[in-house]
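Dear colleague,

Please find below the structure that I am handing over to you, followed by an account of what was found in it.

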Amino acid sequence: MHVDRVDRLVLLCFVTTTVAIVGMVFDHWQLVYYSIPVLTALFLLMAALNRRGEWSAPVVTGVAAFGGVMLALFVASNIALHTDELIGGLPAATAVFVYAVWPFTTVAAPLLFAWVYHRWLRHDVDDAHARSVGS
Amino acid sequence: MTPVIAIVIVYFVIMFAIGYWAKSRMKSSRDFLVAGQTLGFFVMAIGTFSSIQSGFGMIGHTANTYSWGVQAVVAAAFLVPLAFAVSWFLLGSRLYRLARKYEVYSVPDVIRIRYPGRRAQLAMSVAMFVGSVAYMTAQVTATGVIMSLIFGTSVTVGAIIGSAVVALYTVAGGMLAGAWTDFLQGLLMVVMSIGTFFVATNTVGGWSSMLETIASHDIDFLRLDASQPLTYVYTFIVMAVLGTVAQPQLIAKFLMLRSSSELKWGALVASLAYGITTLFALSVGLSMRALSIEGRAPELENIDNTTTWFFDNMVSPVFAGFVLAGLLAAIMSSANSFIAVGASSLMRDMPSALGITVRNDVRWARIASVFVVLCALVFALYLSQVVFLLGAIGWAAFAAAIFGPLVLGLYWRRATGLATTIAIAFGILSNLAATILTAQEVITFPAYIQTGGLITCLGIVLFIVVSVAVPSRESLDRFTEMNRLPGSKSVV
């Protein structure tokens, strides 16, 4: 059986989850922490495959951009963890989560879905809907 | 009659009216279990968020924020809106297609179609039933506490009255009533959370003043590594995100949509609604901490009283009544979803896995719903040891049991029925074992280990390993068939 894109993505999920488990068991929080944006990006890439197992270049670019921004925010919070600077009344690392990660993921991720769905995934379900109505 | 009681009685009357309306439209188990597949995106998305945002999400997160600091909501709530988007990405179009091609009303139905043999379906059906009763038991206990506060009854009487209310409208109208009551309850939670944010922060001079009060006393309370170790906090995030995607009450909502166009904006609605209701725990938890620092509130010995102390002492009775109705809504919206999930597993999924055909399916769905509620009531009120064990079969057990088999299984052709059965057994048994062994002090985990997140990840890894180690031609054929267009010979 040949190895396809989903196999590769599942392998990457397996590796990332295993790394996270190592972090959870041996108290290396960075391994758990960075697994969050990496797993998110992998799941979104998997979901962006249509039923033929194809990606659309703009969609992959959009997902990668979202994952990149999320990873950058996680890096920023990590760097700020041990500074004494306050942003908006909160320690800098907490502020990155409260004022950036939380609103960004709450708004940008579902907007990304709406765009990916409209541009790419809806063609799959339109097929299914048309067939079920016609049958 | 006090304003609080009047508000809650009006709320109950509206719930009953929806139940009565839904009953008049009830014709089949499709109506009862998946609301006749008639939901638009707004009703579905608000109902999805409200079934995830339970009493624990409102009252428990508030208590933890008061005790741990901001890290409590970072751990348990801040990335849950992201999880809604991930759910729509991973499950939306795939489950919609499945629901149009097959008669799919539940998680075990998806497993039945995806994997050959009956073992995986039976294992998932049993897990759904046990998990639903477990969740219902927690909701019954929480309902008892809130009802006793409103009506001045004992917790037992409060639990019975509250359970009777949610059982009545769910048994009468199934998920058709459940979806619309979830919708109204979700709207109430959103409005209540916005109001609470402004009221709570204003009691300590506003958001900035509240943070200054806390920071001047103990800046560490606002740090990400305030009370719990960072590994624990981030493992909690992993469990919250993966667990949200794999909750059966969320997955079932995708089977209720009326058309494919309803998928597009649902994630945004659900994410925003959940994000807004997080303001409740954030504002009440932090303002209670600031009030304690200022000497205006006592240092609470039992942090579970954080929410009730605040609304008993810091706001008007009318607003407190509004909030209590909102908290009841949070509890009931989760409860009715689990009644439907439990009823479906009992009257449809388990018999199907055992090769039994059920006639008069609506009548049996109603009887099964009553049975789920009665089990939860008996366990909650009279069998505290069972409650202790059921508590272990919650969020993380569902996450470990469902994520691999269902979420990965929708995409990955190598996923197998054997791996599904093993992942389900592992999810349930490992959570039970961890709970029992730590409670009996047979084993002690270090403070940085969050067992729920760890078991969730181990369940996913185990599922992948078993699928690869023991491949199944039959499971592969099921995947191929599942993705074949109706009337088409080729796999697309």
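About 6,200 Å² is buried between chain B and chain A, and carbon and sulfur atoms give 75% of that area. Buried area here is the accessible area (1.4 Å probe) that two parts lose on being put together, summed over both. Chain B brings 64 residues to the contact and chain A brings 72 residues, where contact means heavy atoms within 4.5 Å.

This is a predicted model, in which local features need pLDDT of at least 70 and side-chain atom pairs count only at pLDDT 80 or more, while totals for chains, interfaces and linings use all residues. Residues are numbered from 1 along each chain as its sequence is written, chains are lettered from A and ligands numbered from 1 in the order in which they are written, and side-chain values use heavy atoms, with hydrogens and water left out.

The interface

Between chain B and chain A there are 19 residue pairs in polar contact, both residues being at pLDDT 80 or more. A polar contact is a pair of N or O atoms within 3.5 Å; within protein, one must be able to donate a hydrogen and the other to accept it, and residues adjacent in sequence count only if both atoms are side-chain atoms. On the side of chain B that touches chain A, the elements giving two or more residues are α6 (80-101), α10 (207-218), α11, α13 (266-294), α18 (395-408) and α20 (451-469) of chain B. The largest share of that side, 12 residues, comes from α6(B). Helices are DSSP runs (H or I, at least four residues), numbered from the N terminus.

Not counting residues up to four places away in sequence, A:Thr40 touches A:Phe66, A:Met70, B:Leu82 and B:Val86.

Salt bridges

The structure holds 14 salt bridges over all chains, and 5 are found across the interface of chain B and chain A. The rule asks for a side-chain nitrogen of Lys or Arg within 4 Å of a carboxyl oxygen of Asp or Glu.

A:Asp7 pairs with B:Arg413 at 2.7 Å, N to O. B:Arg414 also forms a salt bridge with A:Asp7, with the closest N and O atoms 2.8 Å apart. This second pair crosses between chains, from the loop between α18 and α19 (417-439) of chain B, which holds B:Arg414, to helix α1 of chain A, which holds A:Asp7. B:Arg414 is partly exposed, at 22% relative accessible area, whereas A:Asp7 is buried at 8%. A network of salt bridges links A:Asp4, A:Asp7, B:Arg413 and B:Arg414.

Another salt bridge joins the side chains of B:Arg97 and A:Asp124 (3.4 Å, N to O). It runs between chains, from B:Arg97 in helix α6 of chain B to A:Asp124 in helix α4 (residues 92-134) of chain A. B:Arg97 is buried at 7% relative accessibility, and A:Asp124 is buried at 4%.

Which residues touch the most other members of the largest nonpolar core? Of its 234 residues, they are B:Trp88, B:Leu90, B:Leu91, B:Tyr234, B:Leu286 and B:Phe403. The largest share of this core, 19 residues, comes from α15(B). A nonpolar core is a set of buried Ala, Val, Leu, Ile, Met, Phe, Trp, Tyr and Cys residues joined through side-chain atoms within 4.5 Å. Beyond its neighbours within four places in sequence, B:Phe403 has contacts that include A:Phe43, B:Leu90 and B:Ile460.

In α11(B), 16 of the 16 residues are buried. Helix α7 (residues 107-114) of chain B is largely enclosed by the rest of the structure, because 7 of its 8 residues are buried.

Two backbone features

A:Asp27 has a positive phi, near 60°, and lies in the loop between α1 (5-26) and α2 (29-47) of chain A. B:Asn360 likewise has a positive phi, near 50°, in the loop between α15 (317-353) and α16 (361-382) of chain B. Most residues other than glycine have a negative phi.

With kind regards

Notes: Buried < 20%, exposed > 50% of the residue type's maximum accessible area, 1.4 Å probe, protein only.
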